[in-house]
Amino acid sequence: MNPIKLSCYVARNLKYSGKVIWRSFLGECHSWRAKANDLRCDRNLGIRTVGGSESKNSLGSEGDGIKYLGQDYASLESMIDHLGLGAEDVFLDLGCGKGRVICRVGMEPIKKSVGVELREDLVDIANDNATLLKGRKTEVEVVRGDACDYDFSDVTVVFMYEPFGWKTLRRVLANIEESVRSNPRRVRVLFSRTEQFGVVLDMCDWLVPVGAIGHTGILEWKTSEL
Ligand SMILES: C[S@@+](CC[C@H](N)C(=O)[O-])C[C@H]1O[C@@H](n2cnc3c(N)ncnc32)[C@H](O)[C@@H]1O
């Protein structure tokens, strides 16, 4: 190969690899900063939720459960600011894992903060966290069970951080719809990391899309007039 062509080729490839390495370095910095913030927020609340969970996916009745990972606190704060929760709100986290979201929401003066979780080991951790939580403003309850079987009759806000696939999601949405039709009320549905599942929520004619909450990756829908 012509030496000039060869050096151009090497320089181009070095530039490309440099960009890839730089981007992955920035990504690592971002995730370490987020993790440090999550640890700090856990400490402030007196709970322990950081870290994934070693054991395999929890499958659930539809076999599509997704393993534990906590919603980052920075997004959680933006979501809580946006929601402006009030004394009549019952907040539900479907697939609550170690209870990070329900504990943080438990710092708001609302009616109740509830989490449903399939895996017994995570339910135990979430219960410990609910007990340890410092400065709660409301009851924080953890229910062991499958999201498909939950009774939504008093719930006003449903939060999901990519807990399961579309089969479970469709059953859950049908149950929420039934509860809203038998007791018409405003219900807000929030789904975090909706890349694949937003379309399932968009297909519900009883829900109106509200939009994204800032840069959190959390999307909101609310009940239309029934
Ligand atoms: C991505 S984690 C979200 C945890 C929590 N919402 C948070 O942000 O801290 C999803 C959780 O959903 C649970 N899960 C999966 N399928 C479920 C089902 N059918 N019913 C209840 N929980 C389920 C998993 O065990 C896991 O803990």
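Which residue in β5 does Val158 stand opposite? Val189. I'll come back to that pair.

Ground rules. This is a predicted model: local features need pLDDT of at least 70, side-chain atom pairs count only at pLDDT 80 or more, and totals for chains, interfaces and linings use all residues. Numbering starts from 1 along each chain, as its sequence is written. Helices (H or I, at least four residues) and strands (E, at least two) are DSSP runs, numbered from the N terminus.

Domains. The bounds come from an automatic or database domain assignment. For the protein chain, that assignment gives domain 1 (1–45) and domain 2 (73–223). Their centres, taken over C-alpha atoms, are separated by 35 Å. Domain 1 puts five residues into the contact, domain 2 six. Contact here is C-beta atoms, placed from the backbone, within 7 Å. On the domain 1 side, three of these residues are nonpolar, one is polar and one is charged. For the classes: Ala, Val, Leu, Ile, Met, Phe, Trp, Tyr, Cys and Pro are nonpolar, Asp, Glu, Lys and Arg charged, the others, Gly among them, polar.

Now the sheet. It is open, with seven strands in the order β3-β2-β1-β4-β5-β7-β6, and the pairing is mixed. Pairing takes at least two DSSP bridges between two strands. β3 (139–144) and β6 (207–212) each have a single partner strand, so one side of each lacks a neighbour in the sheet. On average, neighbouring strands are turned by 20° against each other, direction ignored. Helix α4 (residues 120–132) packs on this sheet and touches β2 and β3. The direction of α4 makes about 170° with that of β3. Axes are lines fitted to C-alpha atoms, for helices over the stretch in contact, and angles run from 0 to 180 degrees between N-to-C directions.

β4 (residues 157–161) and β5 (residues 188–192) run parallel, joined by five bridges.

Next, the ligand. 26 residues surround it, and the closest are Gly60, Gly65, Gly95, Gly97 and Pro163. A residue is near if its C-beta atom, placed from the backbone, lies within 6 Å. α3 (100–105) and β2 (112–117) are the elements giving two or more residues to this shell. The shell divides into twelve nonpolar, eight polar and six charged residues.

Last, Lys167, in helix α5 (residues 166–182). Buried or exposed? Lys167 is partly exposed, because it has 15 C-beta neighbours inside 10 Å. The cut-offs within 10 Å are 20 or more other C-beta atoms for buried, 12 or fewer for exposed, and partly exposed in between. Beyond its neighbours within four places in sequence, Lys167 is in contact with Glu62 and Asp64.

Technical notes: Contact = placed C-beta atoms within 7 Å.
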